[in-house]
Amino acid sequence: MANIIYLQDYLPGVHCYTPEMGERKPVTKMEARLSHDGKHYFVDTPLELKGRGILENSVTWVDGCRKQLENWRSYRVTPAAFAKLEKQYSISMECLLD
């Protein structure tokens, strides 16, 4: 079976998907989710991020999962820092229905 490459996944910006609607998850090297209070984002990525508004979280991935095998890191990011990241990187974000 051939792998399908979607060029849209590689464009910088936030790529939202809704699993309940059967949408596919974009293939990106950065995943984000908004915090419950809406004051910051949590970003998971194998890249090392540094800068103002970016704090690394200590995480424990499930043994054998993709994020553990690829040495992914988790960060807490302010909205201003996230705006800069979305201009530079392709980010996938799960958007669930209420």
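**Briefing: salt bridges, core and surface**

E31 and K25 form a salt bridge, with their closest N and O atoms 2.9 Å apart. A salt bridge here is a side-chain nitrogen of Lys or Arg within 4 Å of a carboxyl oxygen of Asp or Glu. The whole structure holds 10 salt bridges. This is a predicted model, where local features need pLDDT of at least 70 and side-chain atom pairs count only at pLDDT 80 or more, while totals for chains, interfaces and linings use all residues. Residues are numbered from 1 along each chain as its sequence is written, and side-chain values use heavy atoms, leaving out hydrogens and water.

**Salt bridges**

- E31 counts as buried, at 11% relative accessibility. Buried means under 20% relative accessible area, exposed means over 50%, and partly exposed lies in between (1.4 Å probe, protein chains only).
- K25, the partner of E31, is partly exposed at 39% relative accessibility.
- R66 also forms a salt bridge with E31, and here the closest N and O atoms are 3.9 Å apart. R66 sits in helix α1 (residues 66–69) and E31 in strand β2 (residues 31–34), so this pair ties together parts that are 35 residues apart in sequence. Helices (H or I, at least four residues) and strands (E, at least two) are DSSP runs, numbered from the N terminus.
- R66 is partly exposed, at 40% relative accessibility.
- K50 and E48 meet through their side chains in a salt bridge of 3.4 Å, N to O. K50 is exposed, with a relative accessible area of 69%. E48 is exposed too, at 51%.
- Salt bridges with shared partners link K25, K29, E31, R33, D44, R66, K67 and E70 into one network.

**The nonpolar core**

- The largest nonpolar core has 13 residues. Such a core is a set of buried Ala, Val, Leu, Ile, Met, Phe, Trp, Tyr and Cys residues joined through side-chain atoms within 4.5 Å.
- A32, V43, L49, I54, V77, F82 and I91 have the most contacts inside this core.
- Elements giving two or more residues to the core are β3, β5 (73–77), α2 (79–88) and β6 (90–94). Helix α2 gives the most, with three residues.
- L49 touches M30, V43, I54, Y75, L85 and Y89, not counting residues up to four places away in sequence. Contact means heavy atoms within 4.5 Å.

**T45 in strand β3**

- T45 lies in strand β3 (residues 41–45). T45 is buried, with a relative accessible area of 0%.
- A polar atom of the T45 side chain lies 2.8 Å from the backbone oxygen of K29.
- Leaving aside neighbours within four places in sequence, T45 is in contact with K29, M30, W72, R73 and Y75.

**E86 in helix α2**

- E86 lies in helix α2. E86 is partly exposed, with a relative accessible area of 29%.
- Not counting residues up to four places away in sequence, E86 touches P12, G13, V14 and I91.
- E86 and D44 are 42 residues apart in sequence and 13 Å apart in space, C-alpha to C-alpha.

**A surface patch**

- I5, L7, Y10 and V27 form a nonpolar patch on the surface, with about 490 Å² of accessible area together. Patch residues have over 30% relative accessible area and no salt bridge; like charges are joined within 9 Å, and nonpolar side chains (Val, Leu, Ile, Met, Phe, Trp, Tyr) within 5 Å. Accessible areas come from the Shrake-Rupley method with a 1.4 Å probe; for residues, only the protein chains shown count as cover.
- L7 lies in the segment before β1 (13–17). L7 counts as exposed, at 67% relative accessibility.

How values were computed. Polar contact = N/O pair within 3.5 Å; in protein donor to acceptor, adjacent residues only side chain to side chain.
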